[in-house]
Amino acid sequence: MTSPIEITAAVQLLIDRVGSEYEYEIIPVQAGIATNGGRMVPGWAVWLSEFICEAEPTEAWENENGDLIAVHTPHVPVDQLMFIPDDNINPDGKHIRVSVSNNPLVDHLIALADLKDFLVPYGTVLEDGKVNFNTYTGNVYNHYDALFNNLLLFLSEGKKIGAKCYCGSMKPYSQCHGKNLPAAIEEDKKAVKKFNDALKEDEVVQE
Ligand SMILES: [Zn+2]
């Protein structure tokens, strides 16, 4: 994974999807510097991997000269970062992802990554970045995290949607683990919300 410095079709699609009224900038990364004076500017860090172009909510520091500088340690070591300032950023931490390829398997990979983002607020983020969930939500997370990792490996092997599924069933992925995946994800989202809402109500009653 890297941060793009060229505007490819996928990067442009992501910029459009973000819909910020500001232009992107390629800014230097100087993690851990003192940010006296100036101000923090909300926006998106743009990342590019083999399959996904992704915007991550973050903020950059604008010094007194008006220069933007990435001051948070990025999860991938880069010297420069594509940053899109955005005053209207949704602070829920959700990423925006677009496919870099026309392989429909990548759409499944994005749906799985989006689901993991959806689940995180139902847990507690620990210092090492891991998330503690209640048992039910944790099981859903682990289930889809495994599917994500399997699919990522499958894609890395150059597989398409009609290839034999990674699980060894000898059925095409589209008729096996890929069957109705987006619908299953939507169902599980609803179920997790319902479960956690009910849990919250129980807590209120017990207090
Ligand atoms: Zn399968």
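Reader: Is Thr58 buried, exposed or partly exposed?

Author: This is a predicted model. Thr58 has 19 other C-beta atoms within 10 Å. A residue counts as buried at 20 or more and as exposed at 12 or fewer. Therefore Thr58 is partly exposed.

Reader: Which strand does Thr58 lie in?

Author: The protein chain has four helices and eight strands. One of the strands covers residues 52-62, and Thr58 lies in it. That strand is β3.

Reader: Which residues is Thr58 in contact with, leaving aside its neighbours within four places in sequence?

Author: Contact here requires C-beta atoms within 7 Å. With the neighbours within four places set aside, the contacts of Thr58 are Gly43, Trp44, Ala45 and His72.

Reader: How far apart in space are Thr58 and Leu105, C-alpha to C-alpha?

Author: In sequence, 47 residues separate Thr58 and Leu105. In space, the C-alpha to C-alpha separation of Thr58 and Leu105 is 28 Å.

Reader: What separates the centres of domain 1 and domain 2?

Author: The domain assignment gives domain 1 as 9-85 and domain 2 as 102-206. Their centres are taken over C-alpha atoms. The separation is 28 Å.

Reader: What share of the contacts in the protein chain between residues at least 6 apart in sequence join residues at least 24 apart?

Author: The chain follows the pattern α-β-β-β-β-β-β-α-β-β-α-α. Of its contacts between residues at least 6 apart, the share joining residues at least 24 apart is 68%.

Reader: What percentage of the protein chain is buried?

Author: The chain has 207 residues. Its C-alpha trace spans about 60 × 55 × 30 Å along the principal axes. The buried residues make up 24%.

How values were computed: Residues numbered from 1 in each chain as written. Predicted model: local features only at pLDDT ≥ 70, side-chain atom pairs only at ≥ 80, totals over all residues. Helix = DSSP H or I, 4+ residues; strand = E, 2+ residues; numbered from the N terminus. Contact = placed C-beta atoms within 7 Å. Domains from an automatic or database assignment.
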